[in-house]
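User: I have a protein model open and want to learn how to read it. Can we go through it feature by feature?

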Amino acid sequence: MRHFLLPTCLGALALTAVALVPFQPAQAQQATPAPTADAAQAEPFKLPELGYSYDALAPIIDAKTMELHHSKHHQAFITALNNAAKTDPSIANVPLEELVANAGQRPAAIRNNAGGHWNHTFFWQIMAPEGQRGEPSAELTAAINESFGSMDEFKKAFQTTGTSRFGSGWAWLIVDADKRLAVTSTPNQDNPLMDVAEKRGTPVLGNDVWEHAYYLSYNNRRADYLSAWWDAVNWNKVSEHYAKAIAS
Ligand SMILES: [Fe+2]
């Protein structure tokens, strides 16, 4: 009996020990390979960081809206643009601003998705968490007063333009060819840098009036979203854009 008990117990212990060792797939023990040049070339367009957390603009823009807007909607433009680059690899080496500026000479997929990528990258930067928004510079304030009469009148003009954009699009404050401020709007993912824009200029401020930008909190009330949005604006960045546009 003793001759059989000892090997049986040892066998049970060995089985228990094997069972306690976690399974490790062979590849988990290898270092993750560095991306190759080919992989980088295959996806030349990347989703930029927001620079703040998804809940940083709440309650003006809720966290879920920000997460979906950034990680899904903006990412979708980038994915489509990378797919377009597989069909036409030459666009991988063209700066985004140039793709946008010549949008009318390119296929609709590039116009829409390069526009969507540029517009959203710009949009994230002109908003900021509380305490980091600053105030319009003296130069920007003077220019707004000159073009619109007052800050309040400018905001009314901007909101009216955003509210009256039929369907989806953007409202913009631009510096035009005469170095004057103007409010304008573009449909879809067009913007005022594009050769197809009705009124061209350098964007200083822009608001996304697609429903995906506001529907979860504001439902169909686009005017309420436009009105509340001013409290999220990063005036430090907007003033910086204005100074650069005037100097260029
Ligand atoms: Fe958007």
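Analyst: We start with the overall layout and then turn to single features. Keep in mind that this is a predicted model.

User: What does the secondary structure of the protein come to?

Analyst: Ten helices and three strands. Along the sequence the pattern reads α-α-α-α-α-α-α-β-β-β-α-α-α.

User: How many of the residues count as buried?

Analyst: A residue is buried under 20% relative accessible area. Here the protein has 248 residues, and 41% of them count as buried. Its accessible surface is about 13700 Å². Carbon and sulfur atoms hold 56% of that surface.

User: What share of the contacts join residues at least 24 apart?

Analyst: Take contacts between residues at least 6 apart in sequence; 70% of them join residues at least 24 apart.

User: How do helix 6 and helix 10 cross?

Analyst: Angles of 65 to 115 degrees count as roughly perpendicular. The axes of helix 6 (residues 138–148) and helix 10 (residues 235–247) cross at roughly 75°, so the two helices are roughly perpendicular to each other. Their axes come within 9 Å.

User: Which residues make the contact?

Analyst: Helix 6 supplies Glu139, Leu140 and Ala143. Helix 10 supplies Trp235, Val238, Ser239 and Tyr242. By class, the contact has five nonpolar residues, one polar and one charged.

User: Is Asn191 buried or exposed?

Analyst: Check its relative accessibility. The value is 0%, so Asn191 counts as buried. Asn191 sits in the loop between strand 2 (181–187) and strand 3 (202–208).

User: What does Asn191 touch?

Analyst: Leaving out residues up to four places away in sequence, Asn191 touches Val100, Trp118, Asn119, Trp172, Thr186 and Ala197. With Asn119 there is a side-chain polar contact of 2.9 Å.

User: Now the backbone. Which residues does a cis peptide bond join?

Analyst: Look at omega. The bond between Ala58 and Pro59 is cis, with omega about 5°. Pro59 lies in the loop between helix 2 (37–42) and helix 3 (63–87).

User: What is phi of Lys179?

Analyst: Phi is near 65°, a positive value in a residue other than glycine. Lys179 is in the loop between strand 1 (169–175) and strand 2. Its relative accessibility is 34%, so Lys179 counts as partly exposed.

User: And where does Asn219 lie?

Analyst: In the loop between helix 8 (215–218) and helix 9 (222–229). Asn219 is not a glycine, yet its phi is positive, about 50°. With a relative accessible area of 31%, Asn219 is partly exposed.

Notes. Residues are numbered from 1 along each chain as its sequence is written. This is a predicted model: local features need pLDDT of at least 70, side-chain atom pairs count only at pLDDT 80 or more; totals for chains, interfaces and linings use all residues. Side-chain values use heavy atoms; hydrogens and water are left out. Axes are lines fitted to C-alpha atoms, for helices over the stretch in contact, and angles run from 0 to 180 degrees between N-to-C directions. Helices (H or I, at least four residues) and strands (E, at least two) are DSSP runs, numbered from the N terminus. Angles under 35 degrees count as roughly parallel, over 145 as roughly antiparallel, 65 to 115 as roughly perpendicular and the rest as oblique. Contact means heavy atoms within 4.5 Å. Ala, Val, Leu, Ile, Met, Phe, Trp, Tyr, Cys and Pro count as nonpolar, Asp, Glu, Lys and Arg as charged, and the others, Gly among them, as polar. Buried means under 20% relative accessible area, exposed over 50%, partly exposed in between (1.4 Å probe, protein chains only). Accessible areas come from the Shrake-Rupley method with a 1.4 Å probe; for residues, only the protein chains shown count as cover. A polar contact is a pair of N or O atoms within 3.5 Å; within protein, one must be able to donate a hydrogen and the other to accept it, and residues adjacent in sequence count only if both atoms are side-chain atoms.
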